[in-house]
Amino acid sequence: MSGLTPQIRIKGEELSKTDALLGKEWLITNGLGGYASSTVLGVNTRKYHGILVAAFHPPRKRMVCVTKLDEELKLGNMFYPLYANEFQGGIYPHGFQFIEEFYLSPFPMYVYALQNVKFSKTIFMPRGENATIALYTVENGSASEVEVHVFPVFACRHFHAVVDQWRNPPVFAQKSHGRRVKINVEAPKATVIMEAVHGVYHQSEKWLEKVYFREEHARGESCLDDWFQPGFFTFKVGGKTRGKFALVAVASQDETSAEETADKMPAAVYDLEGLYEVEVERRERLLSKFYEDHGTMEAKDWLSWLVLAADAFVVEALGKAVKAGRSVVAGYHWFEEWGRDTFIALPGLMLTTGRFEDAKRVFLRFKEYSSGGLIPNFISDLDGQPMYNCVDATLWFVNAVLQYLKYTGDFAFVQANLWENLKTFVENMVKGVHADMRVDGDGLILHGPRMTWMDTMVDGKPATPREGKAVEVQALWYNALKTLEFLAKKFRETNEAEKFASLAEKARVSFNEKFWNSEKNCLFDVVDVQDRGDPSVRPNQILAVSLDSPMLDKAKSRMVVDVVRRELLTPYGLRTLAKSDPRYVGVYQGDRRSRDLAYHNGTVWPWLLGPFTTAYLKVEGYGGHAREYAFKNFLATLLTEQVFKAGLSNVSEIFDGDPPHTPRGCIAQAWSVAEPLRAYVEDVLLLRPRFEREIHEF
């Protein structure tokens, strides 16, 4: 293992801070949308936690198959549980008291110590497989034999659901042979196979009832779950010896497929350790390539974690033709494939990291699901149905195409695969083909109240109603038109280029006439159908400065940046509403209604630091002092601290608007990682895309 692999290590006094450590979570992924995740103390605090959460139709149909592996040691006649589970009455047992150290480097490892025995467990997932492997080492310093019991715990449910064995009991049917046990479930249909390297399996069925998830309770979600324990594995380690063993868990919706996956897993601990090294080396290669591609960049642990975090969101995806493509999981644990999130995140996830082939496959994936040029808002995890209920996903798609060209100069790919789709989108927007979105007479896009990224509903009404013409939609529209004008010229389609140029100029003139708020020296957030501007100070206006083709002059751009900085900037992102606004909600907590009211009305979003940093340096200039100032004052706290806090090695979805800006939402969000990473590479370090100048000078 080289020095590039970052490490998070928790030991000593810090391990006594139970509540704090229950808020520190780890996550590892398998490149299919599946994952394993829990807390530093090994207590599952969410219904989304599990040792094996499999994506049965990558990256969809995610099922919590194996929730935990609970271990205990038998020393003489005494049993010592090393695990802990939480119930409504409290945590029982307190096995985490034996944790001596916890590592994440890059996979989680628990080290337990009691009496003269040291016991370690390392968890990893082979890439491209719905499988989890646990590697165990026992160093027995006592003269007597140590017996290890490992209790696998099952749920076999969709990851949004919980199990109530009395109201809707799943039926588990197990069959064991030697050290392998196969669990079949009918509703939902699933097969889970567990096999031990060494040891013996003992069938002993029981239920763990009403396991409590504190994070779900805090979110007003279903927080009680029933777990099935089919039996346990035993392993024996003689006195004064060191023993190794392993458990392999695989899952599939199809029994034959599960058996095939289990059969190809190595049968010896040494070979499983080799598989572990393969996964470590893959991550080493990602880091080596990243630093080699950016030769002047200094390797740092927090930066390495961000590069590895970016990798976790890029997944294999089965398309309509059941062929593997690439996609982006918008956030772990519960987000699906979201068009908007994907194309906001794509430059940071795939372009700054040199994953150009992955980017191409993502473009093709979403083009496959496009309808009349529209890119879907999201693709449902349950049934794979695309939803087209947003106005900006396609506009972000166009922007991502432009960024791709700036990095690759690959016009042939765009012309052959995406160009006609882009033109169809603009044509249909002008014609008003799509529901709730069209180009109005002034050349700006008119849309419904829930068509932007601020789209939550409360009591059947939009929590942040933005019906009319949202500021970022117009900025993205103009940017898209200028991109298509450029491409039409490049592809020698003169008439098309003139059409796009005319549409863009009309939009620019109207935007400057209608969106400037002279009282606040910034932009209106929305202009309604009567041309009345909404003076709410929100972060959306920063995109009118940060995008490649802005509609504002330098003076107005600077004023926008100043207002956003003064009213919305925090160490972890931009607030979604100024604190002075009476609708401002500073803490994101409580049931879904309370959270939805806060979601876009004060809650801080880290991804917005990307466009804000870009906008700031565009108006201040890219001198060394300005770039250093931007990093220290806008990005440093988030990037250098957050990867060691809530979602270890990752960046959370959101933060409270009020100090101390507690992290909330998903523990790992694609655009929270991608946009700050992009801004750091492109703007702070000034490592610009290779073909950028050529494109801007065309």
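D392 touches R340, M451, T452, W453 and L476 (heavy atoms within 4.5 Å), with residues up to four places away in sequence left out of the count. The structure is a predicted model, in which local features need pLDDT of at least 70 and side-chain atom pairs count only at pLDDT 80 or more, while totals for chains, interfaces and linings use all residues. Residues are numbered from 1 along each chain as its sequence is written, and side-chain values use heavy atoms, with hydrogens and water left out.

D392 lies in the loop between β25 (386-387) and α8 (393-408); helices (H or I, at least four residues) and strands (E, at least two) are DSSP runs, numbered from the N terminus. With a relative accessible area of 1%, D392 is buried, where buried means under 20% relative accessible area, exposed over 50% and partly exposed in between (1.4 Å probe, protein chains only). E336 is placed in the loop between β22 (331-332) and β23 (337-338). Its contacts, not counting residues up to four places away in sequence, are R62, V328, V329, A330, F378, I379, S380 and D381. The C-alpha atoms of E336 and T662 are separated by 24 Å, the two residues being 326 apart along the chain.

An open sheet is formed by nine strands in the order β1-β9-β10-β11-β12-β19-β16-β15-β14, with antiparallel pairing; two strands pair if DSSP finds at least two bridges between them. From one strand to the next, the twist averages 15 degrees.

Within this sheet, β11 (117-124) is largely enclosed by the rest of the structure, because seven of its eight residues are buried. Strand β10 (residues 108-114) is joined to β11 by six bridges in the antiparallel sense, and A113 stands opposite K118 of β11. The hairpin of β10 and β11 has two residues between the strands, and Q115 there takes a positive phi near 50 degrees. On pairing with β12, β11 forms eight bridges, again antiparallel, with F119 opposite V138 in β12. Six residues lie between the strands in the hairpin of β11 and β12, where G128 takes a positive phi near 85 degrees.

Strands β15 (residues 180-185) and β16 (residues 190-197) form an antiparallel pair over six bridges. I183 has V192 of β16 as its bridge partner. Helix α4 (residues 269-293) packs on the sheet, touching β11, β12 (131-140), β16 and β19 (242-252), and its direction makes about 65 degrees with that of β19. Axes are lines fitted to C-alpha atoms, for helices over the stretch in contact, and angles run from 0 to 180 degrees between N-to-C directions.

The axes of helix α6 (residues 339-351) and helix α7 (residues 356-368) come within 9 Å and cross at roughly 165 degrees. These two helices are therefore roughly antiparallel to each other, angles over 145 degrees counting as such, under 35 as roughly parallel, 65 to 115 as roughly perpendicular and the rest as oblique. The contact involves G339, T342, F343, L346, M350 and L351 of α6, together with F356, D358, A359, V362, F363 and F366 of α7.
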